[in-house]
Amino acid sequence: MITLKNIILRRSAKVLLDSVSVTLNPGEKVGLVGRNGAGKSTLFALLNGTLHEDGGDFSVPKQWRLAQVAQHMPETEESATDFVVAGDTRLMEVRERLAQAEAAHEANPDDVDAGMALGQAHTDLADAGEHDAVPRAQALILGLGFQVPELDQPVNSFSGGWRMRLQLARALMCPSDLLLLDEPTNHLDLDALVWLESWLQRYAGTMIVISHDREFLDAVTDVTLHIENARLTRYGGNYSKFEDMRALQMEQQQQAFTKQQEKIAHLQKFIDRFKAKASKAKQAQSRVKALERMEKVAPLLAEADFSFEFKEPANLPNPMLSVSDASFGYVQDDAPPKVILAGVNRSVLAGQRIGILGANGQGKSTFVKTIAREMGALAGTVTEGKGLNIGYFAQQELDVLHPGSNPLEHMVRLARELGAAAPERSTEQDLRGFLGSFNFSGEMVKQPVGTMSGGEKARLVLAMMVWQRPNLLLLDEPTNHLDLATREALAVALNEFEGTLMLVSHDRALLRSVCDEFWLVGRGKVTDFNGDLDDYQRYLLDEAKRQREANAKRNAIESLAASADGSRAEALKDPQPAAAPVTTAAPAAPALSAADQRRQDAQRRQQLADQTRPLKRELAQAEARMDAIGGERNALEAQLSQPLPPDEIAQAGRRLKVLGDELEQLEARWLELSDSLQTLEQSAAV
């Protein structure tokens with residue numbers, strides 16, 4: 001178990017944890033929550049050994065293996081599969097020992113000890129899961145939203161968010177007793193998030209996760225640790241249960257504090273009234289001692305809540321915008337445009353509150369960027385209503401922020417760009433005051449954006465949006481890096497917003513709270529989605545199944561085509577010599593009667609049937625077996641796309657290898673039988 005006893009943790013002069021004690025048992029799934037800056041990441045640093053306690057005692061079982069997501073951006077030409085396989089630290093250690101044993105054995109083949117070490121290394125390699133390492137890694141990669149063709153692409157070819165997904169897959173690949181996850185959902189779409197929840201629910205070790213996603217925490221945790229005012233409090237239950245228990249504790253504490261204050265006031269009143277009277281001096285002194293002995297109940301020091309609001313839009317055009325026969329996508333250098341969405345016909349009306357859904361890579365961000373004027377439509381028209389004022393929150397905050405500029409410079413630049421159209425006064429003092437309402441006070445208004453945390457950048461983008469007084473909000477994953485309190489403030493502000501909202505988010509609590517309808521971006525189209533988020537999760541599972549079946553079918557076709565090409569290549573490589581033409585005339589055959597001709601034709605047909613019957617029977621058996629193998633492979637691949645115990649993954653991987661070998665042999669035999677049948681039938685027709 002993990003034990004913290006009277007732990008003190010400081011960051012510079014600030015005490016983040018002050019004499020806290022807690023115990024975490026093996027196998028518990030723990031959510032670590034608290035405001036940004038409360039000390040969650042510092043506690044993680046203690047757990048992973050990069051930071052030592054400033055006081056108290058801390059212990060983790062020495063034999064426990066730790067896995068966590070590396071925070072640096074990977075820079076490597078390794079394939080995605082190889083990069084994730086390398087996350088299996090035990091397998092990498094055994095591979096290294098095997099290489100050393102092979103070198104020692106090669107240097108001295110007669111050394112018995114070297115031979116035994118080599119044999120032991122091969123045994124250890126099998127025990128470490130060498131045979132199914134690639135299927136295990138690829139199941140993780142595909143589960144986190146990658147496509148089959150991307151499995152062999154180099155890591156450096158992916159964008160930053162996708163590389164961080166590979167870091168997450170690498171951490172999940174590592175065999176571990178303790179898994180530390182710091183905001184694992186930040187770079188995930190809803191489909192990958194649902195898969196990750198399922199995987200973590202089956203994780204057998206101890207897990208500690210920092211997250212600001214309420215539904216994610218509810219799904220994967222059974223214990224909650226709350227950091228507040230340098231205290232660390234353990235609650236049994238997920239985040240929703242923690243909120244209920246904490247609210248009750250706060251109410252009870254406030255009641256106890258109020259009651260004690262009334263008692264203190266009563267005692268103090270008696271003391272003040274009678275301390276000068278000799279006849280009452282003894283009683284007054286008794287009450288003074290009672291006050292001194294009294295254990296004071298602390299007043300409720302609730303953390304300051306952050307809140308903001310969108311001002312009423314100056315106007316509400318209706319419709320806000322209209323999209324007619326449009327194609328959305330990317331313009332490519334030296335290549336035709338890449339169309340992501342085609343035939344888009346949509347109208348956005350005043351007051352609509354639309355959630356944009358769609359599996360990873362289907363074009364949600366492309367759709368939103370085009371509406372936000374960040375990209376142009378490849379075809380068709382996007383007609384805006386008169387007076388349309390868009391407030392756009394980009395998925396990557398730095399898409400709209402300048403790393404070298406500070407918050408005040410961003411606001412001054414924004415006011416200058418809008419000029420006379422600016423909805424608010426824009427003197428420096430006005431802008432400073434406005435930024436202060438978003439917790440950018442004092443010297444923070446002069447701090448470069450590039451040095452800010454993700455949450456601070458997100459708050460700045462929100463501030464810039466609010467100041468513009470938009471009538472259409474386009475929000476692409478606005479909750480990345482926002483803590484729970486700020487997410488709740490955003491939900492409240494969006495619910496009170498009187499304009500139109502279009503939201504892309506993996507935060508299901510936010511989607512449920514603020515959206516009245518959903519649009520589905522998928523298969524190159526934008527359509528209405530008739531259902532709720534639970535229906536959408538079922539849709540995602542169906543889409544994943546369809547994609548696996550399509551990939552399996554494509555792989556089978558490619559494998560069959562490759563086998564056929566190989567057979568043709570062999571035939572071309574070793575051609576049979578053509579038969580020499582007959583130059584002498586053959587003697588004329590005697591004419592046959594009609595009856596004899598029919599009898600001879602019947603004998604020929606019977607002979608052909610006798611020759612082809614066993615070939616056709618074997619061909620039918622081969623086809624039936626190939627179909628059965630295809631079905632079993634699809635089922636195994638679907639199984640491997642879900643989190644499984646290591647022994648089941650190993651068994652499935654071995655079975656896939658056996659089926660692949662058998663299918664290869666069957667395809668080769670199928671081609672031989674088909675060629676033989678064709679030859680016999682052509683001969684009979686001559």
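pLDDT is the predictor's confidence in each residue, on a scale from 0 to 100. A contact means heavy atoms within 4.5 Å. This is a predicted model, in which local features need pLDDT of at least 70 and side-chain atom pairs count only at pLDDT 80 or more, while totals for chains, interfaces and linings use all residues. Residues are numbered from 1 along each chain as its sequence is written, and side-chain values use heavy atoms, with hydrogens and water left out.

The average pLDDT of the protein chain is 81, and 82% of the residues score at least 70. Over residues 300-304, pLDDT stays under 50, and the model has 10 contacts beyond four places in sequence for them.

Next come the charged pairs. Side chains of opposite charge can pair when their charged atoms come close. A salt bridge is counted here when a side-chain nitrogen of Lys or Arg lies within 4 Å of a carboxyl oxygen of Asp or Glu. The structure holds 23 salt bridges.

One of them joins the side chains of Arg234 and Glu28, at 2.7 Å from N to O. Arg234 lies in strand E9 (residues 231-236) and Glu28 in the loop between strand E2 (14-24) and strand E3 (29-33), so this pair ties together parts that are 206 residues apart in sequence. Helices (H or I, at least four residues) and strands (E, at least two) are DSSP runs, numbered from the N terminus. Buried means under 20% relative accessible area, exposed over 50%, and partly exposed in between (1.4 Å probe, protein chains only). Arg234 is partly exposed at 33%, whereas Glu28 is buried at 12%.

Asp88 and Arg136 form another salt bridge, with their closest N and O atoms 3.2 Å apart. Because Asp88 sits in the loop between helix H2 (80-85) and helix H3 (89-107) and Arg136 in helix H5 (residues 133-143), the pair ties together parts that are 48 residues apart in sequence. Asp88 is buried, with a relative accessible area of 3%, and Arg136 is buried at 14%.

What is the distance between the closest N and O atoms of Glu215 and Arg512? In this salt bridge they are 2.7 Å apart. Glu215 belongs to helix H8 (residues 214-220) and Arg512 to helix H16 (residues 508-514), so parts that are 297 residues apart in sequence are tied together. Salt bridges that share partners join Glu197, Glu215, Arg508, Arg512 and Asp534 into one network. Within it, Arg512 is partly exposed, with a relative accessible area of 39%.
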